[in-house]
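The exercises below ask you to read a protein model step by step. Try each task before you turn to its solution.

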Amino acid sequence: MKRTVLVVAHTGRPAVVRNARLMVDRLTAAGINVRVLAPEAADLQCAGADVVPAAPAAAADAEMVIVLGGDGTLLRAAEIARPAGAPLLGVNLGHVGFLAEAEPDDLAGAVDQVVEHAYAVEERMTIEVTVRHNGRATSTWALNEASVEKVARERMIEVVVEIDGRPLSRWACDGVVCATPTGSTAYAYSAGGPIVWPEVEALLMVPISAHALFAGPMVVSPQSMLAV
């Protein structure tokens, strides 16, 4: 069976487009089938790539999803990769790139490792999120974090936080972030939470600007259920 790779790119940046074209050319030359998303195909103009709709089926049977851009692009690609169980390889061409594994200076080396199967897949935690409002429940998932935040800028909200069904505390605050170790470098970090090594299985609960003496971030079990 021919190997297949899906390439997702932030086509709003010329440097990303140039590097994406180089990557597609190198992968195709190595005999790997490359897919690109339909909304990005016109900008990428990769003649050797298959164009597929921007839907979860785009990563079906793909060996991996290669992402060129910043953390936002990688999170967008994760929505496509997760249903297919395809691993993500991020090439940092954004502003921060906490989630990316490779840098643009090593683009050729990253492609060579993919071609030679010289890579390992690292498992990352995700969180399941359920929002209940007026008797209705909506469920989704997140790689980084889920947050409960105030709507009105000039007001705080009052929340009661529970862990595994047991009340923890009541705060007046701007919100609460529930994050994975992957998300510990994102919103949770800017709210004062610790950075957690990706291999540590844990969840973070971080209050945002809580008006309380004892409202520090908390690390809990990965099986815990956090309710706000």
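The model is predicted, so local features need pLDDT of at least 70 and side-chain atom pairs count only at pLDDT 80 or more, while totals for chains, interfaces and linings use all residues. Residues are numbered from 1 along each chain as its sequence is written, and side-chain values use heavy atoms, with hydrogens and water left out.

**Exercise 1. The whole protein**

Task: State how many helices and strands there are in the protein, and give the share of its residues that count as buried.

Solution. Step 1: helices (H or I, at least four residues) and strands (E, at least two) are DSSP runs, numbered from the N terminus. The protein has 5 helices and 14 strands.
Step 1: buried means under 20% relative accessible area, exposed over 50%, and partly exposed in between, with a 1.4 Å probe and protein chains only. Of the 228 residues, 41% are buried.
Step 2: the C-alpha trace spans about 60 × 35 × 35 Å along its principal axes.
Step 3: contact means heavy atoms within 4.5 Å. Of the contacts between residues at least 6 apart in sequence, 57% join residues at least 24 apart.

**Exercise 2. The parallel sheet**

Task: Find the strand order of the open sheet of 5 strands, and name its edge strands.

Solution. Step 1: strands of a sheet pair through backbone hydrogen bonds, either parallel or antiparallel. Two strands count as paired if DSSP finds at least two bridges between them.
Step 1: the order is E3-E2-E1-E4-E5, with parallel pairing. At the edges are E3 (50-52) and E5 (88-92), each of which pairs on one side only.
Step 2: axes are lines fitted to C-alpha atoms, for helices over the stretch in contact, and angles run from 0 to 180 degrees between N-to-C directions. Neighbouring strands of this sheet are turned by 25° against each other on average, direction ignored.
Step 3: take one pair as an example. E1 (residues 4-9) and E2 (residues 33-37) run parallel and are joined by 4 bridges; Val5 has Val34 in E2 as its bridge partner.
Step 4: Helix H3 (residues 71-84) lies across E1, E2, E4 and E5 and runs at about 160° to E4.

**Exercise 3. Two packed helices**

Task: Describe how H1 and H4 pack.

Solution. Step 1: two packed helices are described by the angle between their axes and the distance between the axes.
Step 1: H1 (residues 14-29) and H4 (residues 107-115) pack at about 30°, with axes 10 Å apart. Angles under 35 degrees count as roughly parallel, over 145 as roughly antiparallel, 65 to 115 as roughly perpendicular and the rest as oblique, so H1 is roughly parallel to H4.
Step 2: Asn19, Met23, Arg26 and Leu27 in H1 meet Leu107, Ala108, Val111, Asp112, Val114 and Val115 in H4.
Step 3: sort these residues. Ala, Val, Leu, Ile, Met, Phe, Trp, Tyr, Cys and Pro count as nonpolar, Asp, Glu, Lys and Arg as charged, and the others, Gly among them, as polar. The contact has 7 nonpolar, 1 polar and 2 charged residues.

**Exercise 4. Antiparallel strands**

Task: Describe the pairing of E6 with E7 and the open sheet of 4 strands.

Solution. Step 1: E6 (residues 127-133) and E7 (residues 136-142) pair in the antiparallel sense over 7 bridges. Val131 stands opposite Thr138, and Arg132 has Ala137 as its bridge partner.
Step 1: E6 and E7 form a hairpin with 2 residues between them, and Asn134 in the turn has a positive phi of about 55°.
Step 2: the sheet of 4 strands has the order E8-E11-E12-E13, with antiparallel pairing. E8 (145-149) and E13 (218-220) each have a single partner strand, so one side of each is left without a neighbour in the sheet.
Step 3: the twist averages 15° from one strand to the next.
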